[in-house]
Amino acid sequence: MGHMYQQSSPPSRRANSRIPVRQDLWVYWQCNGRDDVSRVRDLSLGGLFLETPAPRMVGASTKVDFLVSEGQIRAEAVIRHRLPGRGLGLKFTAVTEQDRRKFASLLRRLRS
């Protein structure tokens, strides 16, 4: 008779695994005509979580610019969730093919 295994936690909605960012990684971002610079807490192919005390509305469109050793990486994103006083979770909606290659290099560097 076989054993049945139960999953101890609910499955993640996340399609891409997050990489915790332990080093300083900052982005310049724009939302509703306001500019800001924030530290990235975690990152994946699908999005990021950034630290900011500034409240923004879930569903708002943003433009994100990474200034990293791989070169400038630009992306468009939408705010998916917010943790008041802590930050925002953004989901990428558009990244150019050229920036996608640089972004993949950034993820490889952060994983190592």
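1. L50 is buried, with a relative accessible area of 0%; buried means under 20% relative accessible area, exposed over 50% and partly exposed in between, using a 1.4 Å probe and protein chains only. L50 sits in strand β4, residues 47–51. Strands (E, at least two residues) and helices (H or I, at least four) are DSSP runs numbered from the N terminus. Leaving aside residues up to four places away in sequence, L50 touches V27, W29, S38, R39, V40, R86, G87, L88 and L90, where contact means heavy atoms within 4.5 Å. One of these, R86, is 36 residues from L50 along the chain, and their C-alpha atoms are separated by 8.3 Å.

2. On the source: this is a predicted model, with residues numbered from 1 along each chain as its sequence is written. Local features need pLDDT of at least 70 and side-chain atom pairs count only at pLDDT 80 or more, while totals for chains, interfaces and linings use all residues; side-chain values use heavy atoms, with hydrogens and water left out.

3. On confidence: pLDDT is the predictor's confidence in each residue, from 0 to 100. The protein chain averages 87, and 86% of the residues score at least 70. Confidence is lowest in β1, at a mean of 91, and highest in β7, at 97. Over residues 1–12 pLDDT stays under 50, and the model has 0 contacts beyond four places in sequence for them. Where pLDDT is low, the predicted coordinates should not be read in detail.

4. Two strands pair if DSSP finds at least two bridges between them. The hairpin that β5 and β6 form has 2 residues between them. K63 stands opposite E76 in β6.

5. R82 stands opposite L88 in β7. L88 is also among the residues that L50 touches. This hairpin has 3 residues between the strands, and G85 takes a positive phi near 80° there.

6. Which residues of α1 are buried? They are D99, F103, L106, L107 and L110. Seen down the axis of α1, these buried residues fall within an arc of 100°, so they line one face of the helix; the arc is that of the directions from the helix axis to the C-beta atoms. The buried residues pack against β1 (19–20), β3 (34–44), β5, β6 and β7. On the other side of α1, E97, R101, R108 and R111 are exposed.

7. On aromatic rings: the whole structure has 2 aromatic pairs. Rings of Phe, Tyr and Trp (its six-membered ring) pair if their centres lie within 6.5 Å; planes under 30 degrees apart count as stacked, over 60 as edge-to-face and the rest as tilted. F92 and F103 form an edge-to-face pair, 5.4 Å centre to centre with 85° between the planes. F92 lies in strand β7 and F103 in helix α1, so the pair ties together parts that are 11 residues apart in sequence. F92 counts as buried at 11% relative accessibility, and F103 counts as buried at 6%. Ring pairs link F66, F92 and F103 into a cluster.
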